[in-house]
Amino acid sequence: MLLKSIRLGSNDLSRSRAFYDATFGALGLAPCSTPEQYPIVMWDLGGVKFLLGPARDGEPCTHANGGTIIFEAADADAVSAWHAAGLANGGTSEGEPEPKPKARGAFGAYLRDPDGNKLGAYFGLSMG
């Protein structure tokens, strides 16, 4: 496997932990097990690590313009649950759960996490 990890910035780790525990839980993942005193939070996405933490330069974290991370869901209900969990935990909608014409009709949804990072979840999305 070529991809080892993805790290995003977070200005509030407890807020990020709550958001990602809820959204990843909707996709069937266990809550974050990183101890509270660590300077990062981390989840295992089937061998690829997903991390959040403060910027190393000490400046506030900002989101990537044009960057989106897509997660795979088991079915359309999981996509909807992921979107609802994100909204309930400080996220904002960037696209309701529905078939997406630009993704050849795959069922998907988009969120921004509390720090503004853009995320998506899809069922039935083929890439390439």
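Student: Which residue takes a positive phi in the hairpin of E2 and E3?
Tutor: This is a predicted model, and in it Gly46 has a positive phi near 75 degrees. The hairpin has 4 residues between its two strands.

Student: What holds strands together in general, and how do E2 and E3 run?
Tutor: Strands of a sheet pair through backbone hydrogen bonds, either parallel or antiparallel. Here E2 and E3 (residues 49-53) run antiparallel, joined by 4 bridges. Trp43 sits opposite Phe50 in E3.

Student: Along E2, which side chains are buried?
Tutor: Side chains alternate along E2 (residues 41-44).

Student: Now the open sheet: in what order do its strands come?
Tutor: Its 4 strands go E4-E7-E6-E5, with mixed pairing. E4 (68-72) and E5 (92-99) are at the edges with a single partner strand each, so one side of each has no neighbour in the sheet. From one strand to the next, the twist averages 15 degrees.

Student: How many bridges join E5 to E6?
Tutor: There are 5, and E5 and E6 (residues 107-112) run antiparallel. Glu98 is opposite Gly108 in E6.

Student: Which helices pack on the sheet?
Tutor: H1 (residues 13-26) does, touching E4, E6 and E7 (118-123), and its direction makes about 175 degrees with that of E6. H2 (residues 76-88) packs there too, touching E4, E5, E6 and E7, at about 15 degrees to the direction of E6.

Technical notes: Residues numbered from 1 in each chain as written. Predicted model: local features only at pLDDT ≥ 70, side-chain atom pairs only at ≥ 80, totals over all residues. Heavy atoms only, no water. Pairing = 2+ DSSP bridges. Axes fitted to C-alpha atoms, helices over the stretch in contact; angles between N-to-C directions. Contact = heavy atoms within 4.5 Å. Buried < 20%, exposed > 50% of the residue type's maximum accessible area, 1.4 Å probe, protein only.
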